[in-house]
Amino acid sequence: LYDKGVNIMDHIDKGKYENIERERSIEVSYDLQAGSYIKSYRSNPEKFENYYEEIGSILHEYVGEGQSILDCGTGEMTTLCGVISKIGKELDEIYAFDISVSRIDMGRRFFRKNIRSRGMVNYFVANMSSIPMPRSSIDVVWTSHAVEPNSNKAGEIIGEILRVARQKVLL
């Protein structure tokens, strides 16, 4: 169905799967599209550079040397890789999570291949409504296009992001 252009979340939500929660339909949809962001990036990396530069310059202003960052809803880590290279500072800890284990797995490999000299990212699978980290544990928390698809839970998600942030939040 995904290869035919069917919106998987809508198909699950409106089909005969009424017992499946919305979060599970999102997870299934993201698992099916795993690899599509990396493929898009590889086909035209220049297209993404301005976006990475913009986020990186903002984070450069607010992240200090040796601090920690968390990318919420990281997907395949394409944006994280581009942004890390633009921040221009050594970070103590880099964390990233997504609801899709398939996308995290692809992102993990993409990150290792593209960010050799900057350490590793601590990645995990989680829901944005329930980030498994202590209160005020990350210096700067950011997200890129991850809250918008969850607009019905935006307040809850932003509250959770604010909970784990120690200093700054970039949406």
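Start by selecting Asp105 and Arg109: they form a salt bridge, with their closest N and O atoms 2.7 Å apart. (A salt bridge here is a side-chain nitrogen of Lys or Arg within 4 Å of a carboxyl oxygen of Asp or Glu.) Both residues sit in helix H6, 4 residues apart, which is about one turn of the helix. Helices (H or I, at least four residues) and strands (E, at least two) are DSSP runs, numbered from the N terminus.

Before you go on, know that this is a predicted model: local features need pLDDT of at least 70 and side-chain atom pairs count only at pLDDT 80 or more, while totals for chains, interfaces and linings use all residues. Residues are numbered from 1 along each chain as its sequence is written, and side-chain values use heavy atoms, leaving out hydrogens and water.

(Buried means under 20% relative accessible area, exposed over 50%, partly exposed in between, using a 1.4 Å probe and protein chains only.)

Next, pick Asp139 and Arg166, another salt bridge, with the closest N and O atoms 2.7 Å apart. Asp139 lies in strand E4 and Arg166 in strand E5, so this pair ties together parts that are 27 residues apart in sequence. Asp139 is buried, with a relative accessible area of 7%, while Arg166 counts as partly exposed at 44%.

Now show Glu49 and Lys86, whose side chains meet in a salt bridge (2.9 Å, N to O). This pair links distant parts of the chain, with Glu49 in helix H4 and Lys86 in helix H5, 37 residues apart. By the same rule, the count comes to 7 salt bridges.

While you're there, colour helix H4, residues 45-62. H4 has 18 residues and reaches 26 Å from its first C-alpha to its last, close to the 26 Å expected at 1.5 Å a residue. (The expected span is 1.5 Å times one less than the number of residues.) Which residues of H4 are buried? They are Phe48, Tyr52, Ile55, Gly56 and Leu59. Their cover includes helix H3 (36-43), helix H5 (78-87), strand E4 (138-143) and strand E5 (165-170).

Time for the sheet. Select its 5 strands: this open sheet has the order E3-E2-E1-E4-E5, with parallel pairing. (Two strands pair if DSSP finds at least two bridges between them.) Strand E3 (122-125) and E5 are the edge strands, each pairing on one side only. Zoom in on strand E2 (residues 93-98), which pairs with E3 in the parallel sense over 4 bridges. Look for Tyr95, which stands opposite Asn122 in E3.

Last stop: Met77, in the loop between strand E1 (68-72) and H5. Met77 has 0% relative accessibility, so it counts as buried. What is Met77 in contact with, leaving aside its neighbours within four places in sequence? Select Ile104, Gly107, Arg108, Phe110, Phe111, Val121 and Tyr123 to see those contacts. (Contact means heavy atoms within 4.5 Å.) Finally, try the distance tool on Met77 and Phe97: they are 20 residues apart in sequence and 9.1 Å apart in space, C-alpha to C-alpha.

Key:
The expected span of a helix is 1.5 Å times one less than its number of residues.
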